[in-house]
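Try each task before reading its solution.

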Amino acid sequence: MPSFDSHTKFSLAKAALEIKVGISMPMDESIMGITFLNTVPAAEIALDKARAQGMAPNVTFTLFYRGTTCTGLEGTTSTLELINVDKVDVIFGPMCNSAALITGPALVYFDKPSFLWGPSPTSDYDDSDNYPLSSTSVPNTYGFAMRSRAVLSILDRFGWRDIAFVYTTSKTDVDCIYFAQEIEAAIADVQSQVTLVLKSRLDEASFNQTLDAIRVRSRIVITCFDTPADTRNFIVNAYAKGMINEEYVYITADLRRFSGGQWNSENEDIINKAMSYFLIIATISEEYTDNAHQQFQTDFLLRVQQAPFNCSNCTEISPFAYFLYDAATYFMTLLDKNLQKSTDGYKSGTQIMESCSYTGTGLTGEIIMTTNCTRQPTFFLKGNDINGDEVLFATIKIELPNVVRTQFILLFGFRLLYLSRISYKAPGIPDFNTFIPHYNDEATAMWATRGGVRPLNEPICGFENTRCVSYAIWYGTGGGAFGLVIIIAVLIVACTWRRITDGSSMKLMIQDEADGETRTNETVASRIPKFDRARREIAPNIRKCSDTVNFQKKKAESHRSLQSGFESNTSTTVDVNLRTSGYTPYLYHNELVLAKQHSPLHRLTKSHIRFMTQNYPTTHR
């Protein structure tokens, strides 16, 4: 990689009029994958192409590059040097948002226009009072307006309400720190059912604790990672926790620089699997200009080999090179319009920005610039299909009202508070988000890797899987109670049936139709097992009863022999309280028998008559 001084000058072909262009960005470090070599050649390509199309034909462009790191102090310093030392007429940058927030108001004093193309411009630039000369070709990503609003549109579309937000940051962070500050404000500004149940900054020590907290609170996770290593650590740790599956949805920024072969690690399979569960909110859609993209890539790799870049082995193109290209093209459009009015029109930033409304198509898709010189936000929802290829699911367009917002900036390490009036909405433009799907069947297009089922906001069994356990307990208890009732009912029926059966076999008396003789309904004692047991139990009493009867008979006979003509009635007695023992005595052919007491049988059934007919034939009729 060639080395550059803090100041580098390069001129395009000579012409009658010279316009100095300054580019402020770090030349000594990589920020979110953005480097000097994989981005800046795009500006030169755009200026050359615009000239070839007849824009500003009599102008010579001289390019100046300054910058070393991405701190607010260094970015501000390099921008002021471009203005005061190099005397530039226009600035592309600063690339880092922390410096752009500081230099934006200062540009009004110098009357120099600034075209921002770096990552994460905030909603501050919609404030035309404080930033009248700052234009953004990258959609503002935060606040009421931008990427947060796009996230909320996705959540509302799919019925997701409980979300977690996790992020990483560092001293060179130009993205996540601002996203983290404004995601809560965006939820508060929009009338939504969304609840931010967890917000956490991740580091090595907090990965496990944060993932455990997510698992019991949410299945929809919004992520923002400062470096590829942070993304990698998150995915690997989430996989180890069992959180890379159909239940979880991860919504993140453009991941192209984080995935695929660039990982080059033993966790490649895990990363590829995890990509199926990520939804990507991108600011670039290649569907508009596929041929233009291919031509740009060819031109870029040729230009980077030339001075001042001199890189013969460069093969990488940053996604933000496309935004820089569109920013330079937009500048050339405004410049050409002003030069047609006055040859000195390029000297005044105010004059250039007077009529900055613009609609066109660039490498980053459809470009709609508002009267505030900021790009109307359009985002693209992407994801992987069942073959692992990245596909476009939907386009999200956002139009916003005027609001007054509390804003924060970082200035030399201090967090400052100020009020910013966002005047984004042009007269007559309604306040709405437009979610434009690019599929006919959501199940097969978006959720093919999940079995065709849209993930739920909350699992059926609850975040902690306690709901299904409760259901199991209730079902088990109810089933056990029902089974117990069935058992009791069976026992009752069985006992009742046995009682009826016993009663039918223990009939006390029947009257013989022939001689009126009374006899027991019992066949004999041997036919009634229960009677046998009872007979054995009171056998001593029966013998006692029998002895008493014999004694009384002998006594009566002796008495008749002594007194002729006297007639005496004999009596039989039983010396036992049989009724209290549950038995009743009867005489059968002058023999004493016992029958067990039972409830009266009120009605003879057919089964009773059949039993008596079979066992007691009517021989005395």
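The exercises below treat a pair of helices, then a strand with its neighbours.

This is a predicted model, where local features need pLDDT of at least 70, side-chain atom pairs count only at pLDDT 80 or more, and totals for chains, interfaces and linings use all residues. Residues are numbered from 1 along each chain as its sequence is written, and side-chain values use heavy atoms, with hydrogens and water left out.

**Exercise 1.** Describe how helix α4 (residues 147-158) and helix α5 (residues 176-189) cross.

*Solution.* 
- Step 1: Two packed helices are described by the angle between their axes and the distance between the axes.
- Step 2: The axes of α4 and α5 come within 9 Å and cross at roughly 50°.
- Step 3: Find the contact (heavy atoms within 4.5 Å). α4 supplies R147, S148, V151 and L152, while α5 supplies F179, E182, I183, A186 and I187.

**Exercise 2.** Is strand β11 (residues 278-282) largely enclosed or open, and why?

*Solution.* 
- Step 1: Count the buried residues (under 20% relative accessible area, 1.4 Å probe, protein chains only). In β11, 5 of the 5 residues are buried, so the strand is largely enclosed by the rest of the structure.
- Step 2: Sort the directions. F278, I280 and A282 point one way, and L279 and I281 the other way.
- Step 3: Find the paired strands (at least two DSSP bridges between them). Strand β10 (residues 249-253) pairs with β11 in the parallel sense over 4 bridges. Strand β14 (residues 378-384) runs antiparallel to β11, joined by 3 bridges.
- Step 4: Name partners. A253 stands opposite I281 of β11, and A282 has F380 of β14 as its bridge partner.

Key: Axes fitted to C-alpha atoms, helices over the stretch in contact; angles between N-to-C directions. Helix = DSSP H or I, 4+ residues; strand = E, 2+ residues; numbered from the N terminus. Buried < 20%, exposed > 50% of the residue type's maximum accessible area, 1.4 Å probe, protein only.
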